[in-house]
Amino acid sequence: MAVVLSANVSQPDIKKMQIQLTGFLDKDTAAFCKELWKLCLSAQSNPQGVPKELLEAKKLELIQEKVCMKKLEPERLALTKA
């Protein structure tokens, strides 16, 4: 498979990427490329270079993990006392 992104390319060509990925992703290629392009644009506007959507998803994941750990805390304490 051809390399989709190269370090020496300053502006990636989404059409070329889509063509190169079609054999791998088949009918899902257009949707994948659209989502990838949105993430690339979001990352470009973020000073850290990370898409805002990924940062928000990670924040949500951490919050859910914290809530889950709080729910499990009484069980863990009960097991340590037994």
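1. Read from start to end of the sequence, the chain of this predicted model follows the pattern α-α-α. The count of elements is three helices and zero strands.

2. On burial and surface, the chain has 82 residues, of which 11% count as buried. The accessible surface of the chain amounts to about 7,200 Å², and carbon and sulfur atoms account for 62% of that surface. As for contacts in the chain between residues at least 6 apart in sequence, 3% of them join residues at least 24 apart.

3. The packing of the first two helices deserves a point of its own. Two packed helices are described by the angle between their axes and the distance between the axes. Helix H1 covers residues 14-25 and helix H2 covers residues 29-45. Their axes come within 9 Å of each other and cross at roughly 135°. H1 is therefore oblique to H2, given that an angle has to be over 145 degrees to count as roughly antiparallel. The crossing of H1 and H2 is right-handed.

4. Which residues make the contact of H1 with H2? From H1 come Ile14, Met17, Gln18, Leu21, Thr22 and Leu25; from H2 come Thr29, Ala30, Phe32, Cys33, Leu36 and Trp37. Sorted by class, the contact has nine nonpolar and three polar residues, and no charged residues.

5. Is aspartate 26 buried or exposed? The relative accessibility of aspartate 26 is 56%, so the residue counts as exposed, the cut-off being over 50%.

6. Lysine 52 belongs to helix H3, which covers residues 52-81. With a relative accessible area of 54%, lysine 52 is exposed as well. Which residues does lysine 52 contact, leaving aside its neighbours within four places in sequence? Ser42 and Asn46 are in contact with lysine 52 on that basis. Lysine 52 and leucine 41 are 11 residues apart in sequence, and their C-alpha atoms are 9.9 Å apart in space.

Terms used. Residues are numbered from 1 along each chain as its sequence is written. This is a predicted model: local features need pLDDT of at least 70, side-chain atom pairs count only at pLDDT 80 or more; totals for chains, interfaces and linings use all residues. Side-chain values use heavy atoms; hydrogens and water are left out. Helices (H or I, at least four residues) and strands (E, at least two) are DSSP runs, numbered from the N terminus. Buried means under 20% relative accessible area, exposed over 50%, partly exposed in between (1.4 Å probe, protein chains only). Contact means heavy atoms within 4.5 Å. Accessible areas come from the Shrake-Rupley method with a 1.4 Å probe; for residues, only the protein chains shown count as cover. Axes are lines fitted to C-alpha atoms, for helices over the stretch in contact, and angles run from 0 to 180 degrees between N-to-C directions. Angles under 35 degrees count as roughly parallel, over 145 as roughly antiparallel, 65 to 115 as roughly perpendicular and the rest as oblique. A crossing is left-handed if the near helix is turned anticlockwise from the far one by less than a right angle, and right-handed if clockwise. Ala, Val, Leu, Ile, Met, Phe, Trp, Tyr, Cys and Pro count as nonpolar, Asp, Glu, Lys and Arg as charged, and the others, Gly among them, as polar.
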